[in-house]
Amino acid sequence: MGFRKDFLWGGATAANQCEGGYDQGGRGLANVDLAPAGKDRFPVILGEMKMFDFDEDHYYPAKEGIDMYHRFKEDIALFAEMGFKTYRLSIAWSRIFPKGDEKEPNEQGLTFYEDLFLECQKYGIEPLVTITHFDCPMHLVEEYGAWRNRKLVGFYENLCRVIFNRYKGLVKYWLTFNEINMILHAPFMGAGLYFEEGENKEQIKYQAAHHELLASAIATKIAHEVDPENKVGCMLAAGTNYAYSCKPEDVWAAKKADRENYFFIDVQSRGEYPAYALKEMARNGIEIEMETGDAELLKAHTVDFISFSYYSSRVQTTDPKLLEQTAGNIFASVKNPYLEASEWGWQIDPLGLRVTMNDLYDRYQKPLFIVENGLGAVDVPDENGYVEDDYRIAYLKAHIQAMKDAVELDGVDLLGYTTWGCIDLVSAGTGEMSKRYGFIYVDRDNEGNGTLNRTKKKSFDWYKQVIASNGENL
Ligand code: P53
């Protein structure tokens, strides 16, 4: 029993949070480059403060990231040393199509990822590739309004055709959009959406979501055509919503919050807009423009597996007093009095992972893949530069145990598990380096100082034996 023999253990990163080299190899500027560290980050990623170019007053951590652009060989060697079976990474769209609307791709960008995949192959590491992890070329933002424009579907399709053909035989596992539901919560970071005063944000977000859902179905179609071996997944920022109390109104609030997320996966996995969403949109005056053939595409090209990130469960209530005490995350939730929280206020709930897995598996009956999970914490290296991150080990151990229970005791079909930020990288939410998730410490601070040297933490050796024992020794 236990995990499947071919269980894909590994770690996950995203291009914009680790590569750096923002202007190298012919790469074009992207929305994600322009999210500054500091207090303006939030208004920028929400699409409320216009930041279409760098300025002198801000620090932009994505410009250099952790310089993986130049150090990927060293980093992949360390992943291999831990025994990774898979490595989840994302492709920076603007490396392949610097502006996004070109006819021909940028060869330097294609070569970069080819080298990276070959490096993985050398160690028998299966790449798991996120086609877009929040990034959108700035030219598409400025000229077309990003995903609000249906033309993006075609540009994304070109990107997919190029990478599926070029990396055929090197990559088999693909995710179309990272945390597709992020479009509702951080629309500039998630989908390049910037709003002018007075615009109807909800209308724009849901229209843009339709374009992404369509693009995702088209990508799935092409992936299967190019190589029947290809497996395509959707990706949800998951975490079941609990009702704060058994008051029916609280239960209803929790159900509604869950559906706001399930909406995306219902389309990607079941192939059609769910009735509850159509009703809700109609009530809110949201009208999605669809073209003939859209519904058929969505229905015909559903995903092969369901992937998701899980950091925490969430709590909903209708009690106005409780609503004031929100937990510290982009996703609205009140504090759960039964749970401890991380230094950033993210509540820690291993059993919630089992609950979430069961909810998703019950609903979709497709294999699951946990592609992000982990603890963002401050690490303090000792005089020898060693980090004893027992807190991280404890977090991961409890979550792996819960996922094992979901597999062994509940019968959930799970393909693999990749921890978030297996090497320290820039935080998406805050832009900080000090919010670290890695098994590998990177010497770099919030202002961009440091040698960028890599050092193994205590969790490195711990995770290595977890993988070696296929999850038996936690
Ligand atoms: P950070 C919340 C806020 C921002 C991004 O987040 C998020 C979430 C959590 O659901 O999504 C993912 O870096 C995302 C990663 C991100 C990770 O969570 O704010 O896919 O890019 O780094 C962790 O601690």
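Residues are numbered from 1 along each chain as its sequence is written, and side-chain values use heavy atoms, with hydrogens and water left out. In this predicted model, local features need pLDDT of at least 70 and side-chain atom pairs count only at pLDDT 80 or more, whereas totals for chains, interfaces and linings use all residues.

The largest nonpolar core contains 136 residues. A nonpolar core is taken as a set of buried Ala, Val, Leu, Ile, Met, Phe, Trp, Tyr and Cys residues joined through side-chain atoms within 4.5 Å. Buried denotes under 20% relative accessible area, exposed over 50%, and partly exposed the range in between (1.4 Å probe, protein chains only). Phe79, Tyr113, Tyr167, Met403 and Tyr463 have the most contacts inside this core. The element that gives the most to this core is helix 10 (residues 201-226), with 13 residues. Helices (H or I, at least four residues) and strands (E, at least two) are DSSP runs, numbered from the N terminus. Another core, of 12 residues, lies apart from the largest one and includes Ala30, Phe134, Ile330 and Phe331.

With neighbours within four places in sequence left aside, tyrosine 463 is in contact (heavy atoms within 4.5 Å) with Trp9, Gly10, Met82, Phe84, Ile400, Tyr417, Thr419 and Phe439. Leucine 353, in helix 15, counts as buried because its relative accessibility is 0%. The C-alpha atoms of leucine 353 and valine 315 are 14 Å apart in space, for a separation of 38 residues in sequence.

Around the ligand there are 18 residues, of which Gln17, Glu179, Glu372, Ala428 and Tyr437 come nearest. A residue is counted here if one of its heavy atoms lies within 4 Å of the molecule. The shell divides into nine nonpolar, six polar and three charged residues. In this division Ala, Val, Leu, Ile, Met, Phe, Trp, Tyr, Cys and Pro count as nonpolar, Asp, Glu, Lys and Arg as charged, and the others, Gly among them, as polar. An N or O atom in the side chain of tyrosine 437 is 2.5 Å from a ligand oxygen atom. For alanine 428, a backbone N or O atom lies 2.7 Å from an oxygen atom of the ligand, and for tyrosine 311 a polar side-chain atom lies 3.4 Å from a ligand oxygen. On its own the ligand has 470 Å² of accessible area, and the protein covers 98% of this. Accessible areas come from the Shrake-Rupley method with a 1.4 Å probe; for residues, only the protein chains shown count as cover.

The loop between strand 9 and helix 16 holds aspartate 379 and also aspartate 389. Aspartate 379 is buried, with a relative accessible area of 6%, and aspartate 389 is buried at 0%. The side chain of aspartate 379 makes polar contacts with those of tyrosine 391, at 2.6 Å, and arginine 392, at 3.2 Å. A polar contact is a pair of N or O atoms within 3.5 Å; within protein, one must be able to donate a hydrogen and the other to accept it, and residues adjacent in sequence count only if both atoms are side-chain atoms. Arginine 392 is also joined to the side chain of aspartate 389 by a polar contact of 2.8 Å. Beyond four places in sequence, the residues touched by aspartate 389 include Asp379, Lys457 and Gly438. Those touched by aspartate 379 include Val387, Arg436, Tyr441 and Lys457. Between the C-alpha atoms of aspartate 379 and lysine 435, 56 residues apart along the chain, the separation is 8.4 Å.

Two residues other than glycine were noted for positive phi. Phenylalanine 134, with phi of about 70 degrees, is placed in the loop between strand 3 (126-132) and helix 6 (138-144) and counts as buried at 5% relative accessibility. Glutamine 365 has phi near 55 degrees and is found in the loop between helix 15 and strand 9 (368-372). Glutamine 365 counts as exposed, at 53% relative accessibility.
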